[in-house]
Amino acid sequence: MKKAIVFTLLLALVAVATPAFAASPILKQAAAVCDASLNSGDAAVVKLGFTESSAKPQNPFGEKVFEKKADGQTLIVTTGKKFRKAFCELYIPNGSLADYQTIRTELIKLNKTEGTNYDDNIDGKPYRGEIWGDKETMDNGNTADLKLGSTKLGSLFIQFSAVKFRQTQDRTGIIIEMMER
């Protein structure tokens, strides 16, 4: 009995000492689907409940598009190759500025640094963008051993736009893009 109590206490201490990862449902979804895509390919995206779409990828590097409805949101995943590296993008058309701020705060905490910031206003409406790059992968990388979940990344880019414009390929909402290392 004593051993069971001590073991349970040790497990509790480990759980408390381990930092929580991705409290945001959007960031959790991005980590899950992009980890699956980058490590196991497009079939793994389908196993997560996404359906391959015949829609043309909006990301210029995209090769395939997958869609899913979850929690009243449409989630769109684009996979492909960017600079000869696999990438995965999660796009949430109804993502809000508040969602973006939550994700950004989590990524700063996770990476222990801010990314390179691209914030702007387009027609008086907000555009937010921030990119983290792995120091070994990118000349201007600002993060040692960049990861999201178990996936080692070369770059991680988050964007929010309230209006359609070229930087987001005329999309509004939240875009989270990850490129493998």
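Analyst: Let's begin with a term we will need: a residue is called buried when its relative accessible area is under 20%, exposed when it is over 50%, and partly exposed in between. Please also keep in mind that this is a predicted model.

Now to the rings. The structure holds 3 aromatic pairs. One of them is made by F61 and F83, whose rings lie 5.4 Å centre to centre with 55° between their planes, which makes the pair tilted. F61 sits in the loop between β1 (51–53) and β2 (62–70), while F83 sits in the loop between β3 (73–82) and β4, so this contact ties together parts of the chain that are 22 residues apart in sequence. How open are the two partners? F61 has 31% relative accessibility, so it counts as partly exposed. F83, at 60%, counts as exposed.

Another pair joins Y118 and F157: the ring centres are 6.2 Å apart and the planes meet at 70°, so this pair is edge-to-face. Here, too, the partners come from separate elements: Y118 is in the loop between β5 (116–117) and β6 (120–122), F157 is in strand β9 (residues 151–161), and so the pair ties together parts 39 residues apart in sequence. Y118 is partly exposed, with a relative accessible area of 43%, whereas F157 is buried at 12%.

Let's return to F83, as its backbone deserves a look as well. Most residues other than glycine have a negative phi. F83 is not a glycine, yet its phi is positive, at about 55°. This residue belongs to the loop between β3 and β4. Q169 is another residue other than glycine with a positive phi, near 55°. Q169 lies in the loop between β9 and β10 (173–180) and is partly exposed, with a relative accessible area of 26%. A further positive phi, near 50°, belongs to D71, in the hairpin of β2 and β3, where 2 residues stand between the strands.

β1 and β2 run antiparallel and are joined by 3 bridges. β2 also pairs with β3 in the antiparallel sense, over 8 bridges.

What about other side-chain contacts? R171 lies over the face of Y91, at 4.9 Å from the ring centre. There is also 1 disulfide in the structure. It is formed by C34 and C88, with their sulfur atoms 2.2 Å apart. The link connects distant parts of the chain: C34 is in helix α2 (residues 25–40) and C88 is in strand β4 (residues 85–92), 54 residues apart. Its handedness is left-handed, with -70° about the S-S bond.

To sum up the part you asked about: the F61 and F83 pair is tilted, while the Y118 and F157 pair is edge-to-face.

Conventions
Residues are numbered from 1 along each chain as its sequence is written. This is a predicted model: local features need pLDDT of at least 70, side-chain atom pairs count only at pLDDT 80 or more; totals for chains, interfaces and linings use all residues. Side-chain values use heavy atoms; hydrogens and water are left out. A disulfide is a pair of cysteine sulfur atoms within 2.5 Å. Helices (H or I, at least four residues) and strands (E, at least two) are DSSP runs, numbered from the N terminus. Rings of Phe, Tyr and Trp (its six-membered ring) pair if their centres lie within 6.5 Å; planes under 30 degrees apart count as stacked, over 60 as edge-to-face and the rest as tilted. Buried means under 20% relative accessible area, exposed over 50%, partly exposed in between (1.4 Å probe, protein chains only). A charge sits over a ring if NZ of Lys or CZ of Arg is within 6 Å of the ring centre and within 35 degrees of the ring normal. Two strands pair if DSSP finds at least two bridges between them.
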